[in-house]
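Dear colleague,

I am passing on a structure for you to look at, with some notes on what was found in it. Please keep it open beside this message as you read.

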Amino acid sequence: MMDKYVIRGGNPLNGEIVISGAKNAAVAIVAATILCDEPCVLENVPEISDISICLKILREMGAKINVLSKNVISFDTTAIKHPTVPYELARSMRASSYFLGTLLGRFHEAYVPMPGGCDLGDRPIDQHLKAFRCLGAEDDMHAGTVHVKCDNLYGGNIYFDFITVGATINAIFAAVKAKGLTVIENAAKEPHIVDLANFLNSMGADIRGAGTDVIKVRGVDYLKGITYAIIPDQIEAGTYMVMAAATRGDVMIKNVIPKHLESISAKLRKIGAKVEEFDESVRVYVEPNTKFVKTSVRTMPHPGFPTDMQPQLSTLLTLAEGTSIVTDDIFENRFRYVAELRRMGADILVDGKVAIIQGVGHLAGAPVKATDLRAGAAMVIAGLAADGETIIDDIHHIERGYENIDAKVRALGGDMVRRYYPDSNVQAITG
Ligand code: EPZ
């Protein structure tokens, strides 16, 4: 990737912004179209590279996909004949694991490359496989590809050893057309699990309890075609909320579900920003002379504070007075951005799953890189709040999950452009 983001910090962000469809709901729902027995249409699909990869995977498998208008896409997966996901495409994305559940549900067999995605540490799929086994499937791994197979899927009881979003979704996929009742206990409660269940139920599935820790799925034979709008992105909204606070601006963030943002709003208020909630929008602003104050955060599964917002909030905490303690034990590698923030003057010490952030009041622009998707969002926030110029490398990570981030920031008065750097390839080879 030779493009980088170039940011001149210091402008408070002001104005209105419209949040896109939720990435983590969209990648699951797009994979779920494999279970649909008729063509269907999805609205509010975010234009991000993770979705482009999902569409390429489906097309290569034989699905007919048409972009009807911006963010509206039709899917006809009925022509897919083989339950095999193309290796190179799927390897780059965590959500490719969802094809295991959907192909197993439809073909009773799936070949899916071991999923990739953000390098947040070891990301095993043992709980996904456990769920499939509970419904009667067997699995093995050969040459980097996971193979699951069964003669028939039968409803069963699944108890997850710990809360996992991906395995909860895959369990739902396998159970939707299984014979009989599946009970999923210790299920994840994230908003996108509820959205996925709503999508499947609108097509005729029988899923109850999504959003609680016990989900019951009664298998059905047929799922009909529908048109469905994906929920707004909780994490994109949260990222712009922090951006508004960090630049001491005043932003109305529209097309959100304020309930999904409560844990983020609570932390922002504690730090000193003002958050006002409306029916489908939130306003975040900072009153003049406000001094940001330290706060401690521990990431938790929903409705706790999301791990996907940890790097962004930690960046804001570098601008606060005092010492904040941030604990993130959902993934092992979620503090890799700290080395980059230090280049900008942050004072952060990481010990395993804990970051000790000594507020420094302000940051200074520097060349940095996006070490993963949310780490990249944190660099954008840091760059906008910092004095001087910040150049962010490896922005493909950011573009996996944020639709038009540079244009959205510019519309709010931020100075951020995507610039082509012809020399960056040479650096990559020699550096
Ligand atoms: C989803 O990942 C999200 N991805 C992540 O968002 C998010 O950070 C994460 O949930 C937690 O909220 C998508 O929805 C596509 P998990 P997922 O299964 O499903 C361990 C972003 O930035 N685990 O809830 O992979 C796992 O290693 C991305 O948008 C097992 O050990 O997360 C982790 O420590 C990054 N075995 C923990 O559980 C398993 O079989 C939670 O993972 C499954 C998970």
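Aspartate 394 lies in the loop between strand 22 (389-393) and helix 13 (396-399), where helices (H or I, at least four residues) and strands (E, at least two) are DSSP runs, numbered from the N terminus. This is a predicted model, in which local features need pLDDT of at least 70 and side-chain atom pairs count only at pLDDT 80 or more, while totals for chains, interfaces and linings use all residues. Residues are numbered from 1 along each chain as its sequence is written, and side-chain values use heavy atoms, with hydrogens and water left out.

Aspartate 394 has a positive phi of about 60°, although it is not a glycine. The other spot is the peptide bond from histidine 302 to proline 303, which is cis, with omega near 5°; proline 303 is placed in the loop between strand 17 (297-298) and helix 10 (310-317). Most residues other than glycine have a negative phi, and most peptide bonds are trans.

**The ligand and its surroundings**

Which residues are closest to the ligand? Among the 24 residues that surround the ligand, the closest are Lys23, Asp126, Asp308, Ile330 and Arg374, where a residue counts as near if one of its heavy atoms lies within 4 Å of the molecule. By kind, this shell holds nine nonpolar, seven polar and eight charged residues; Ala, Val, Leu, Ile, Met, Phe, Trp, Tyr, Cys and Pro count as nonpolar, Asp, Glu, Lys and Arg as charged, and the others, Gly among them, as polar.

Polar contacts (pairs of N or O atoms within 3.5 Å; within protein, one must be able to donate a hydrogen and the other to accept it, and residues adjacent in sequence count only if both atoms are side-chain atoms) can be followed one by one. A polar side-chain atom of lysine 23 lies 2.7 Å from an oxygen atom of the ligand, and a polar side-chain atom of aspartate 126 lies 2.7 Å from a nitrogen atom of the ligand. In valine 165, a polar backbone atom is 2.7 Å from a ligand oxygen atom.

**The largest pocket**

The ligand sits in the largest pocket, which is to say that more than half of its atoms lie within 2 Å of the pocket's grid points. On a 1 Å grid over the protein atoms alone, a pocket is an open set of points with protein on both sides within 12 Å along at least five of seven lines, a cavity is a set where a 1.4 Å probe fits but cannot get out, and lining residues have an atom within 4 Å of a point. The elements that give two or more residues to the shell around the ligand are helix 1 (23-32), helix 5 (126-134), helix 6 (165-176) and helix 12 (373-385), and helix 5 gives the most, with three residues.

Of the 49 residues that line the largest pocket, the closest to its centre are Arg123, Val165, Gly166, Ile330 and Phe331. Helix 1 gives the most to this lining, with four residues, and the lining as a whole divides into 23 nonpolar, twelve polar and 14 charged residues.

With best wishes
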